[in-house]
Amino acid sequence: MSVYPGFGGQTFIDSSLSKIKAVKMMADAHKRDDIWIEADGGIDHNNIVMVKEAGANVLVTGSAVFKENSADNVRKLMAFL
């Protein structure tokens, strides 16, 4: 979890990036490219690139999609991937 469990719309916890990087380093050290590293919560257009660059390959977003125009929000997020 990259937010505190409990409710949607929370801000991404920045210290999650170092945890994602650590897991990615462990997977790389064991030559495991089949590991799914998930970041769940607080993912939006402001941090999606950093989270992906840290090593996450599964990104869970809710509020960043469902606020206002969902189709536009998905397009905006996908542009960063």
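Predicted model: local features only at pLDDT ≥ 70, side-chain atom pairs only at ≥ 80, totals over all residues.
Residues are numbered from 1 along each chain as its sequence is written, and side-chain values use heavy atoms, with hydrogens and water left out.

Q: Is Gln-10 buried or exposed?
A: Gln-10 lies in the segment before helix H1 (16–29). Buried means under 20% relative accessible area, exposed over 50%, and partly exposed in between (1.4 Å probe, protein chains only). With a relative accessible area of 16%, Gln-10 is therefore buried.

Q: Which backbone oxygen does the side chain of Gln-10 reach at 2.4 Å?
A: A polar contact is a pair of N or O atoms within 3.5 Å; within protein, one must be able to donate a hydrogen and the other to accept it, and residues adjacent in sequence count only if both atoms are side-chain atoms. A polar atom of the Gln-10 side chain lies 2.8 Å from the backbone oxygen of Phe-7. At 2.4 Å, the side chain of Gln-10 reaches the backbone oxygen of Tyr-4.

Q: What is the relative accessible area of Lys-31, a residue with positive phi?
A: Lys-31 is a residue other than glycine, yet its phi is positive, near 55°. Its position is the loop between H1 and strand E1 (38–40). Lys-31 counts as exposed because its relative accessible area is 74%.

Q: Where is Glu-68, whose phi is near 60°, found?
A: Glu-68 is another residue other than glycine with a positive phi, near 60°. Glu-68 is exposed, at 80% relative accessibility. Its place is the loop between helix H3 (63–66) and H4.

Q: How many residues apart are Lys-24 and Asp-28 in helix H1?
A: A salt bridge is a side-chain nitrogen of Lys or Arg within 4 Å of a carboxyl oxygen of Asp or Glu. Lys-24 and Asp-28 form one, their closest N and O atoms being 3.1 Å apart. Lys-24 is partly exposed at 32% relative accessibility, and Asp-28 is partly exposed at 42%. Both lie in helix H1, about one turn of the helix apart, at a separation of 4 residues.

Q: Which residue forms a salt bridge with Asp-34?
A: Asp-34 is partly exposed, at 45% relative accessibility. The closest N and O atoms of the pair are 2.8 Å apart, and the residue bridged to Asp-34 is Arg-32.

Q: Why are Asp-72 and Arg-75 separated by about one helical turn?
A: The side chains of Asp-72 and Arg-75 meet in a salt bridge at 2.5 Å, N to O. Asp-72 is partly exposed, with a relative accessible area of 30%, whereas Arg-75 is exposed at 54%. The separation is about one helical turn because, within helix H4, the two are apart by 3 residues.
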